[in-house]
Amino acid sequence: MTQEFLDNQQYTELSILNYEEIFGHNYISPGGEKVADQFIRTLELRPQMRVLDIGCGLGGPAFRMAGKFGVYVHCIDLSSNMIRIAKTRLDEEGLNNMVTLEQGDCLEMQIDSTYDVVHSRDVFLHIKDKARLFEVIRKSLVSGGRLGFSDYCLGKTKSSPEFESYLSERNYTLHNVEDYTKLLENSGFTNVFGEDRTDIFIKTLKQELHILEKAILNNQEKSALRQVWQEKLTRAERGEQCWGWFSGIKKTQ
Ligand SMILES: C[S@@+](CC[C@H](N)C(=O)[O-])C[C@H]1O[C@@H](n2cnc3c(N)ncnc32)[C@H](O)[C@@H]1O
């Protein structure tokens, strides 16, 4: 996945702002602030901790972690459109002393034993080489540090041709929850936990379909997004697509 692909296809400035209409201010992931809060609670954050947010998007989850828990968050995102908008949002939030933003590919990070927590929401679907991803993340964590992420996953029902073409158009690489969990265990993480949270995903998609109808978007934009949301909902209800929440602790050497 390249920066050009993200900036010119899925995350043009207009599509980011349209997605935000549905997910909520500063969010580009299911459930916006409400689900972010639910997810962040699983990370056991304490004041002064150092957190890395991979694929931070517009910064919503990072602002929430810094603002509510007093942690320092470094954010990295490959899309220059995301980072440009996130910088204006960071100024609005007045959290410049707690949150830093960097445009770059997380696979290229060379960070050793720095972060207490790595947080990531619905980003790894964009990354094919998960073994390399988990190696880079493992290195960046202090011994005993925690990785927590959510991601789109494959469900137990065989993928339909429509789902296959959705994945290939977007260049997504998904795993099922069990494989993801094994991959984490094989990548130097312990206390690994993988949970199918498609229940939250389905509930959220239904709520977002209502939000969409009231959003300030033109009819063409609304109808395109409605179709994407309805298709996600159908795949999730059929068991083709699911949504996983994962965590693991870096093994002490
Ligand atoms: C669905 S959005 C999620 C944004 C944010 N985490 C949130 O919850 O609002 C996925 C983000 O991952 C970023 N991304 C994709 N591949 C990446 C990579 N290799 N390194 C860093 N960021 C990446 C995209 O640019 C995009 O901002």
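This report looks at pockets, helices and aromatic rings in one predicted model.

## Ground rules

Residues are numbered from 1 along each chain as its sequence is written, and side-chain values use heavy atoms, without hydrogens or water. Because the model is predicted, local features need pLDDT of at least 70 and side-chain atom pairs count only at pLDDT 80 or more, while totals for chains, interfaces and linings use all residues.

## The largest pocket

Rolling a probe the size of a water molecule over the atoms shows where empty space is left. A pocket is an open set of points on a 1 Å grid over the protein atoms alone, where a 1.4 Å probe fits and protein lies on both sides within 12 Å along at least five of seven lines. Its volume is the space filled by probe spheres set on the points, which are joined across faces, edges and corners.

The largest pocket holds about 670 Å³ of space. Its lining (residues with an atom within 4 Å of a point) has 44 residues. Tyr 11, Asp 122, Val 123, Leu 125 and His 126 lie nearest the centre. Elements giving two or more residues to this lining include helix 1 (3-10), strand 1 (50-54) and helix 7 (161-170). Helix 10 gives the largest share, 3 residues. Helices here are DSSP runs of H or I with at least four residues, strands are runs of E with at least two, and both are numbered from the N terminus.

By class, the lining of the largest pocket has 25 nonpolar, 11 polar and 8 charged residues. Nonpolar covers Ala, Val, Leu, Ile, Met, Phe, Trp, Tyr, Cys and Pro; charged covers Asp, Glu, Lys and Arg; the others, Gly among them, are polar.

## The second largest pocket

This pocket has a volume of about 370 Å³. It is lined by 14 residues. Gln 9, Gln 10, Ser 15, Tyr 19 and Arg 170 lie nearest its centre. Helix 1, helix 2, helix 7 and helix 10 each supply at least two lining residues. The classes are 6 nonpolar, 5 polar and 3 charged.

Helix 9 runs over residues 198-214. Its 17 residues should span 24 Å at 1.5 Å a residue, where the expected span is 1.5 Å times one less than the number of residues. The end C-alpha atoms are 25 Å apart, which agrees.

Several residues of helix 9 are buried (under 20% relative accessible area; exposed is over 50%, partly exposed in between; 1.4 Å probe, protein chains only). Among them are Ile 200, Phe 201, Leu 205 and Leu 209. The buried residues of helix 9 pack against elements including helix 2, strand 5 (141-154) and helix 10.

## Aromatic rings

The whole structure has 18 aromatic pairs. Rings of Phe, Tyr and Trp (its six-membered ring) pair if their centres lie within 6.5 Å; planes under 30 degrees apart are stacked, over 60 edge-to-face, the rest tilted. Tyr 152 and Phe 201 have ring centres 5.5 Å apart and planes at 65 degrees, so they pair edge-to-face. Tyr 152 lies in strand 5 and Phe 201 in helix 9, so the pair ties together parts 49 residues apart in sequence. Tyr 152 is buried at 7% relative accessibility, and Phe 201 is buried at 1%. Both belong to an aromatic cluster that includes Phe 39 and Trp 243.

## Two single residues

Thr 181 sits in helix 8 (residues 177-185). At 15% relative accessibility, Thr 181 is buried. Leaving aside neighbours within four places in sequence, Thr 181 is in contact (heavy atoms within 4.5 Å) with Val 192, Gly 194 and Phe 246.

Pro 161 belongs to helix 7. At 64% relative accessibility, Pro 161 is exposed.
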